[in-house]
Amino acid sequence: GLEMSFKPLEAITPIDGRYRGRVAEASNYFSEYALIKERLRVEIEFLIRIITTCGGEMESKLPRDWRDRLLRLVEDFKLEDAERVKELEKTLGHDVKALINYLRERLHQIGLEQLSPYIHLGLTSDDVNNLAYSLLLTRFRDEILIPDLIEMIKTIAEKAKENLETIMLGRTHGVPAVPTTFGRFLSNYAYRLARVAYELASFKFPGKLGGAIGDHSALKFTYPRVDWIKFSRDFVESLGLEYIPASTQILPHDRISDFLNKVSILDAIASNLCRDLWLLSSLGLLVFGRRVGEVHSSTMPHKSNPLHLENAEGAFDLASNTASFMARRLISSRLHRDLSDSIIKRFYGLPLTLTIVGFKGLMEAFRRMIVLRDRMKDEVERHPESLAEAYQVYLRAKGVEDAYELVQRSLGKGWGEVLKEIKDRGLPTEVVKRLEGAKPTEYVGEAIRIGSMLLDEVDRILGEIGK
C-alpha cells in the first residue's frame, strides 16, 4: 500500500485527522490520487485530439475501438495505478514525466503501442496541470461546495422566515440602538450569502494549452499547417473551461484567484454571522442546546456552550485568510515560470475543505438554536429610550427646531421626563398623543417588509443557481 496509509490519529493536519469524517468526500478532488487521475484524463483527451488532427494514415490502421480503449484507462484508474506512477516518480523525480511513462506501459498492454510516441506531444507539464486543476475545482464546486452552501443558506432563510416578526433590540457599537426583528437580521445574511453563491456557481474555470513558454513552438515546428491557437481554444473549451490566450509556461492565476477571493469573502460573511449569533447567545437571547450525554465543560456541569458556532467561526477565518493569501501569492510567477506556485496549488483543498467544515458547524448550530423570543421582547420593553429617535425626528417634522437637543437633555433626567418637557412646549394635542401612543415593540419601521423581500430574493437567486 501507499506509505501514507495512516490512521486519522496520525494525520499531520486535522483536515485528514479530526475532521476527516466531515469532509471525506473532498478526497475525490484534492488528494494526490485525484490529481494524478485527472492529469491522466487530460493526457488521454489530448492524445485522442492530436491523433485525430495529425494522425493521418495511422488513424485508419488503429483498432475500431481505440478511443474507447483509451478512455477506459481513465475509468479503470485505481489507487494501485497511482502507486505505480509514484514508483516511477521516485527514479525520474518528475511527477508528470512519471505519468507519461506509466501511460506508455499501459498502451503497450492494451495493444495501442503505436500511439505511444504521441503522448504529451509538444506539451509542457503545466498544460496538463492547469487543466487538471480547473477540472477538479469545477467538479468540487458543482458537487460539494454549491450544494452544501445552498443547504446552509436555506437553513438560515428558514430561521429568518420563522422569526420575521420576532422583535429584538438592534445594537450599534454593541449598545442598544432601536428595535428591529430577528428575522430581518438573519435575512440580511441569507441574502448576502446567496449573492456570493450565485457568483461562485456561475464562475467558469480557466484553462490554456501552449507548450514551453505559451507560443505552441514545438507543435508549430512539427505541424506548420495546423492552426494551433484554434486547436488549443477548441481543446480547452471541449473540456468545459474558459480558454485563456495570455499564458506563459503556466496559466496566469488571475481567474482562479478571483474564485478564491469570492470564497474568502463568503467565509468572512459566514464568520461574521457566527460572531453575531455568539454575541446574541452571550446576551442570553439565544441558546444552543446540549445533546443528552454531551459535556460542554470539563469543570462546570451547568455549561451549554455555542461550541459549534465557535468551531465554524475558526474554520471560516482560517479558510478566508488562506484563500485570500493564495489568491494574491499565486499571481506571482518569475518571467515565464518558476516552481514556487506548484507546492501552493497542492493546498487548494485546505481553504475549500475548511469552508465545508465551517458550513457543517454553522448548520449544526442552527439545528440546536433556540430563540428566546420573550427575552428579546422584554429587552426591547426595558429600553423605552429606543424611541428617542422617533420622538426627535417626528417633532422636527412638526417644526420643533431643537427637538434633538430637547430629547437628549430631558433623557438625562430619565425617560419619564421626555414627554413632560414635550407637553410643556404647548404642541397640538394630536402631536403629543401620537408620541404617547408609540411603543418600542411597534417601532420596527419596514423591518418585516424588508426581511420578506430579502427572503423572496434569496429564493429567486437559489432558483437561478438551480437552473
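Colleague: Which residues is E38 in contact with, leaving aside its neighbours within four places in sequence?

Modeller: In this predicted model, E38 is in contact with A132, L135, L136 and R139, once the neighbours within four places in sequence are left aside. E38 itself is found in helix 3, which covers residues 32-54.

Colleague: What makes E38 count as buried or exposed?

Modeller: The relative accessible area of E38 is 1%, and buried means under 20%, so E38 is called buried.

Colleague: Why is T155 called partly exposed?

Modeller: T155, which has its place in helix 8, has a relative accessibility of 21%. Since buried means under 20% and exposed means over 50%, with partly exposed in between, T155 counts as partly exposed. Not counting residues up to four places away in sequence, T155 touches M363 and F366. The C-alpha atoms of T155 and I167 are separated by 20 Å, and these two residues are twelve residues apart along the chain.

Colleague: How do you know that helix 8 and helix 21 are roughly antiparallel to each other?

Modeller: Helix 8 (residues 125-162) and helix 21 (residues 447-466) pack at an angle of about 160°, their axes being 11 Å apart. Angles over 145 degrees count as roughly antiparallel, and therefore this pair of helices, helix 8 and helix 21, is described in that way. The contact is made by I146, I150, I153, K154, A157, A160 and K161 of helix 8, together with L455, V458, D459, L462 and I465 of helix 21. Sorted by class, the contact of helix 8 with helix 21 has nine nonpolar, no polar and three charged residues.

Colleague: What makes strand 1 and strand 2 count as a pair, and how do they run?

Modeller: Strand 1 (residues 167-172) and strand 2 (residues 175-181) are joined by five bridges and run antiparallel. Because two strands pair if at least two bridges are found between them, the five bridges make strand 1 and strand 2 a pair. Within this pairing, L169 stands opposite P179 in strand 2, and the hairpin of strand 1 and strand 2 has two residues between the strands.

Colleague: Why is L335 called exposed, and where does it lie?

Modeller: L335 lies in the loop between helix 13 (307-329) and helix 14 (340-345). Its relative accessibility is 77%, and exposed means over 50%, so L335 counts as exposed. Phi of L335 is near 45°, again a positive value in a residue other than glycine.

Definitions and conventions. Residues numbered from 1 in each chain as written. Predicted model: local features only at pLDDT ≥ 70, side-chain atom pairs only at ≥ 80, totals over all residues. Heavy atoms only, no water. Helix = DSSP H or I, 4+ residues; strand = E, 2+ residues; numbered from the N terminus. Axes fitted to C-alpha atoms, helices over the stretch in contact; angles between N-to-C directions. Parallel < 35°, antiparallel > 145°, perpendicular 65-115°, else oblique. Contact = heavy atoms within 4.5 Å. Nonpolar A, V, L, I, M, F, W, Y, C, P; charged D, E, K, R; others polar. Buried < 20%, exposed > 50% of the residue type's maximum accessible area, 1.4 Å probe, protein only.
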